[in-house]
Structures are given as structure tokens and as C-alpha cells.
Amino acid sequence: MTPRCTLAIFFLLVFIRHIDGSGFCCNLGTQTTHLLDPSITVQLMKDNGFEKVKLFESDGTYLEALAGSKLQVMVGVPNYLLSTMATKPEAAEEYVANNVTHWRSKDVDIRYVAVGNEPLLKSYGGNFTNYTFPALQNIQGALEKAGLGKTVKATIPFNADIFFSPTGSPSGGIFRPDIEDLMVSIVKYMSDHGCPITVNIYPFIALYYDPNFPIDYGFFDGGVAPLVDGKYTYTNALDANYDTLVVALEKNGYGSLPIIIGEIGWPSDGNPNANASLAQRFYQGLVKRVRADVGTPRRSTAPDIYMFSLIDEDAKSIAPGPFEPHWGIFNIDGSMKFTLDLGEGKNLTGAKGVKYLEKQWCVVSPDANVNDEKFAAAITEACSHADCTALTPGSSCGSLDLKGNASFAFNMYFQTNDQKSGSCEKFQPYSTITKTDPSAGTCKYPIMFETEYRGSEQGHVQHGQGSGSGSGSGSGSNSSAGKINSGVLGAVMLAMIMVFGYLN
Ligand SMILES: *[C@@H]1O[C@H](CO)[C@@H](O)[C@H](O)[C@H]1NC(C)=O
Ligand SMILES: *[C@@H]1O[C@H](CO)[C@@H](O)[C@H](O)[C@H]1NC(C)=O
Ligand SMILES: *[C@@H]1O[C@H](CO)[C@@H](O)[C@H](O)[C@H]1NC(C)=O
Ligand SMILES: *[C@@H]1O[C@H](CO)[C@@H](O)[C@H](O)[C@H]1NC(C)=O
Ligand SMILES: *[C@@H]1O[C@H](CO)[C@@H](O)[C@H](O)[C@H]1NC(C)=O
Ligand SMILES: *[C@@H]1O[C@H](CO)[C@@H](O)[C@H](O)[C@H]1NC(C)=O
């Protein structure tokens, strides 16, 4: 082969790779007490080959930092705005002007507008059902009116509870009967206007609600008897779930509607099946799959798969389960939880330029009397203002004794409050500050980082009381409730598909 020919083939391969677009996509939530500097976050995504990012709103915090980054962006209209968007076309036009056109003119490459977040979730009791479709029409209409019809598309991220399979196999896929007519109208509109449909898929939640769910089915590395569905064979929940939707679409005449996977991930703490090694296993399989650019048994084109999530969110409601703050590929400070081979000779790399507070921890004082009446109350107090989910049984700090629990809780409170004076003393006489890292084994006592950015407007979110849904503050839209229900419903559906098919 002549050098020129070799070179030509080389560039052709590079070109094919490029148009194949096997970069990574992720979600970026803001339900945190401390938000990593947006410019550090954008660099973190670039360093690790992320090319597309999905936000839950469209406030300026991240968008400013995304200007000129070349990352493609999906912004989101929170559920609480759906009624306005549905009933006032001019509000949708204003949204597009302020939150799409404005940012595009600043070189933020917005490509999608997510209209609501899992708005037809069964547990919302139909609260958004009347507004979802008109809001989609008004937003897409406003995009077209603004001259963005070809560049920016509206979509709706749905929970996987909008479809299921009565037969237990993907070939039986149908839309949920109570919203079937509505779904047919929505997908027809999407098809007519070149909009994709988006679906969130959670194998971990299926496992969480159903101990009989074959755990290996959640991953991508086999170890499970395949589900055979006619001429198609399934070895993982993602493929089976996705193809159930493909079939539901086909049955209604929209078999080629583009599908985006809006959220998929595996938490690293807060449950016996949520640890860094299982999360590593999940993401390593997913990354390999994305790099291989493969589709599912029924659809050969690889979908965009938005990992949930880039960074942990310590202020997420734990109503769905104590694993909720731990969906990040990275810790809240952008540090690594596990290594990943990203392909193309690259490894996962942590955030750069993060400034940490002083190396000091608030722990239990050596002479604290654990039998003291107020001792337990001090722990409860600390944990009601800080994320103590790592203490739950089967979690990274789940086997500490009572004093260990106190140390962990006091330190989380202290760090969450930026080590402010008084925030350790608050727990005296039981607490004291130490310069010796109390971390041991899997149990890490973090040091908070310096930042001027806060994710949650309310500051420190009261844990354990959240309803899991958007609270109206505008910061609660990030699908916690989705996870409760992808739990119950997703589990039912997945269990039907996986277990029945699996046992047959
Ligand atoms: C849209 O943009 C406006 C003005 O920049 C901002 O105040 C508002 O929060 C944005 N809306 C959403 C849903 O993010
Ligand atoms: C639906 O909305 C009503 C009125 O805002 C509210 O009281 C109710 O809790 C909501 N239902 C659910 C399931 O969120
Ligand atoms: C939705 O519309 C139906 C029919 O118009 C009405 O009966 C129902 O109350 C509406 N639901 C909500 C939550 O607005
Ligand atoms: C992670 O969880 C799995 C399943 O519970 C368990 O088998 C494994 O030992 C755990 N790994 C670590 C490092 O804790
Ligand atoms: C990636 O990590 C592996 C070990 O996990 C190491 O052997 C390899 O050299 C690393 N590659 C790069 C490019 O750093
Ligand atoms: C430590 O805290 C966790 C979470 O609250 C609890 O489940 C566990 O029982 C506590 N351990 C002890 C020894 O009190």
C-alpha cells in the first residue's frame, strides 16, 4: 500500500469515526449543597470525551460556562412550567427567546429542549397529563417560529413507565393504556416535526424493588441466560427495555422515530447493590458499548445514551432511597470514584483545579459518653442537615459503631457548612476537630471544596422529608420522583420482561 493510500484510509477511518459520533453524553444536575465551579465542570466533561450534556433547566450557571465549549446541550423546561407553556404560546416564545436563542447567540450549542421531566409518570396522578402535549407543540412551534426548527428540537424525557409488555418480552411492547391515545398523538407530532422521543431506563431501580431481578441483566458483560424473543436475543435490560419501546412505536406506525436514552446509570453508595465496584462494572460496560457504536437487536443505529449522572448531588431527596445522592460518575468535588478505560487510549480523569478547605475533620471526642441522652439526638441533628446516606446498612460507612456514626455525621455537617466556626462546636461536648483523616477502608470522610456556586436555593436541604418531586423552587426537577416510580412501575415492567422471559 502506498503511503498516500494509507494516509487516505487513515483519514477516512477518522472521518467515519467522527460521523459515527461515539462520544459520551451525560446529565448534569444541580441538587447539591455545593456546586463545582461550572468552568471546572465543563473542562471535566471535555477531558473525558463527553460531547453532549443534558441539563434539567436552562439557568445561566452552566450555560455561561458551556459557551464556546463545542458541547451539544439539551436544556429543560421543568414540570412546574408546563401548564404555562401549554396555555400561553407567547410564554413558550419567550422561553425560547430567553433560554435558547439568547444562549445560542453566545455560542452555546443548544440542540434539544426537554419539555418537562417524566411528566406522565404514573405517580404524578395525571397532574401534567393535560399540559404535556400542548407544551410540546408550543415549544416546538416557538422554535420553528424563531427560525431554529431545523437545528433545535423539542423532546419529552419519559419515564419507562409509559410503555410495558403484557407478554413479558419486547415483542409485546405497548403504551400504558391510560395514556395510549395521548402517546400516539405525541409520537405522531414528534414524527411530523423531526423530534426524537426520550426515555429514562433504570436497571438498578428494577433490582432495588425486585430482589428476584437477575442482577447481571443490569450490566453489559453477560453472566446471564439470554432472553430469547423470536429471532431476537437479549442479554441486558437496556436493550430489552429500549426494544419494548421500539415495538410500541412500531405498532402505532412510528417504528423509525428516533429514541434518545435520557438517563441511565448505577449509584455507588447507599445500598448493598450500590458500590463503586458495581458502578464501575456498569459504566465500563456502557462506555465500551457506546464506543462500539452498537444499536439494539431491533434497531441497529446506536442511540445517544445520557449517563445519569456526571456528578453526585448531595441535596437530592432520599425519599426514593439512600442511594439518590450517589448517581455521579464523579464525587461531588469532581474526584474519581473508580477508574474507567474510555477507549481510544484514554482513562477516566478527575476534575482539575478544585480548591479544598483546610485538611481538618469534625469527629466524636474521645471521652464522649454514647449513653448520654443527647448523644443520639446530636447525630440526628447533624444528619438532618447533611448527607449521611453512606451510614446506611450495606453502604460505604455502613459498619461503623455508634461513635463512628457520630464522627461521620458531625464531619458531614461540618464540611457541608464549609467548616464554619461553630459548625463543629455545635455538637459539643461530643465533638472535636482533628487534623488526622479518620477515613478507613471504604468509608471516606470528605473535605469540602471552596466554591461560590450553590445548587439549591434553599441552602441545606432537609433530608428525608422531600416529596421527591419538583418542589416549585425550581431546583427540584431532577427526577427523584421518577426514580421512585421507575422503581415500582419499572420494576414491574422489567421484572415481567426479564424474569418471565429469563425463566421461560
Ligand atoms: C429562562 O431564562 C430566563 C432569563 O434568562 C431565566 O430567568 C429563567 O430562569 C430561564 N428559565 C428556565 C426554565 O430555566
Ligand atoms: C397534583 O396536584 C395537586 C394540586 O396541586 C396536588 O395537591 C397533588 O399532591 C398533586 N398530586 C401528585 C400525585 O403529585
Ligand atoms: C384535565 O382535563 C380533563 C378534561 O378536560 C379534566 O377533567 C381534568 O380535571 C384535567 N386535569 C387537570 C389536572 O387539570
Ligand atoms: C459491591 O456489591 C456487590 C453486591 O452486593 C458485592 O458482591 C461486592 O462485594 C461489593 N463490592 C465491594 C467492593 O464492596
Ligand atoms: C490507564 O489505566 C491503566 C490501569 O488502570 C494503565 O495500565 C494505563 O497505562 C492507563 N492508560 C493511560 C493512557 O494512562
Ligand atoms: C449508624 O447509623 C445508621 C444509619 O442511621 C444506622 O442504620 C446504624 O444502626 C447506626 N449504627 C449504630 C451502631 O448505631
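I take a residue as buried if 20 or more other C-beta atoms lie within 10 Å of its own, exposed if 12 or fewer, and partly exposed in between. The model I am reading is predicted.

I looked up D293 first. D293 has 14 C-beta neighbours inside 10 Å, so I log D293 as partly exposed. Its phi is positive, about 60 degrees, although D293 is not a glycine. I find D293 in the loop between α10 (276–292) and β13.

E118 came next. Its phi is near 50 degrees, again positive in a residue other than glycine. E118 sits in the loop between β4 (109–115) and α6. Is E118 buried or exposed? I count 30 C-beta neighbours inside 10 Å, so E118 goes down as buried.

**Entry: the chain as a whole**

I noted 13 helices and 17 strands in the chain. The chain has 504 residues, and 52% of them count as buried. I also checked contacts between residues at least 6 apart in sequence. Of these, 74% join residues at least 24 apart.

**Entry: helix α6**

I checked the length of α6. Its 17 residues, at 1.5 Å a residue, should span 24 Å; the end C-alpha atoms are 25 Å apart, which agrees. Which residues of α6 are buried? I list Y131, T132, F133, A135, L136, Q137, N138, I139, Q140, A142 and L143. I then looked for what covers them. The cover includes β3 (72–77), α4 (82–87), α5 (89–104), β4, β5 (153–155) and α7. After α6 comes G147, with a positive phi near 80 degrees.

**Entry: helix α7**

I ran the length check on α7 (residues 180–192). Its 13 residues should span 18 Å at 1.5 Å a residue, and I find the end C-alpha atoms 18 Å apart, which agrees. The buried residues in α7 are M183, I186, V187 and M190. Why do I say that they line one face of the helix? Seen down the axis of α7, the buried residues fall within an arc of 95 degrees, so they line one face. The general rule is that an α-helix has 3.6 residues a turn, so residues three or four places apart point the same way. I find D181 and D192 exposed on the other side of α7.

I traced the packing too. The buried residues of α7 pack against α6 (129–145), β8 (174–175), β9 (197–200) and α9 (237–251). Just after α7, G194 takes a positive phi of about 70 degrees.

**Entry: nonpolar cores**

I went through the largest nonpolar core, which holds 112 residues. Which of them touch the most other members? They are C26, V113, I139 and M307. The largest share of this core comes from α9, with 9 residues.

V113 is then in contact with V75, V77, V100, I139, L143, V152 and A154. I139 and L143 I had already listed among the buried residues of α6.

I found another core apart from the largest one. This other core has 25 residues, among them V364, A368, A382 and A406.

**Entry: cis peptide bonds**

I logged a cis peptide bond between F308 and S309, with omega about 10 degrees. S309 lies in the loop between β13 (305–307) and β14 (341–343).

I logged a cis bond between Q428 and P429 as well; omega is about 10 degrees. P429 is in the loop between α12 (402–416) and β17 (431–434).

**Entry: I215**

Where is I215? I place I215 in the loop between α8 (203–209) and β10 (227–229). I215 has 15 C-beta neighbours inside 10 Å, so I215 counts as partly exposed. Leaving aside neighbours within four places in sequence, I find I215 in contact with L207 and N273. I also took a distance to P203, 12 residues away along the chain: the C-alpha atoms of I215 and P203 are separated by 8.5 Å.

**Entry: ligand shells**

I listed the residues around ligand 1: E57, S58, D59, V77, P78, L81, N98 and N99. By class I get 3 nonpolar, 3 polar and 2 charged.

Key:
Residues are numbered from 1 along each chain as its sequence is written. Chains are lettered from A and ligands numbered from 1 in the order in which they are written. This is a predicted model: local features need pLDDT of at least 70, side-chain atom pairs count only at pLDDT 80 or more; totals for chains, interfaces and linings use all residues. A residue is near a molecule or strand if its C-beta atom, placed from the backbone, lies within 6 Å of it. Ala, Val, Leu, Ile, Met, Phe, Trp, Tyr, Cys and Pro count as nonpolar, Asp, Glu, Lys and Arg as charged, and the others, Gly among them, as polar. Helices (H or I, at least four residues) and strands (E, at least two) are DSSP runs, numbered from the N terminus. The expected span of a helix is 1.5 Å times one less than its number of residues. The arc is that of the directions from the helix axis to the C-beta atoms. Two residues are in contact if their C-beta atoms, placed from the backbone, lie within 7 Å. A nonpolar core is a set of buried Ala, Val, Leu, Ile, Met, Phe, Trp, Tyr and Cys residues joined through C-beta atoms within 7 Å.
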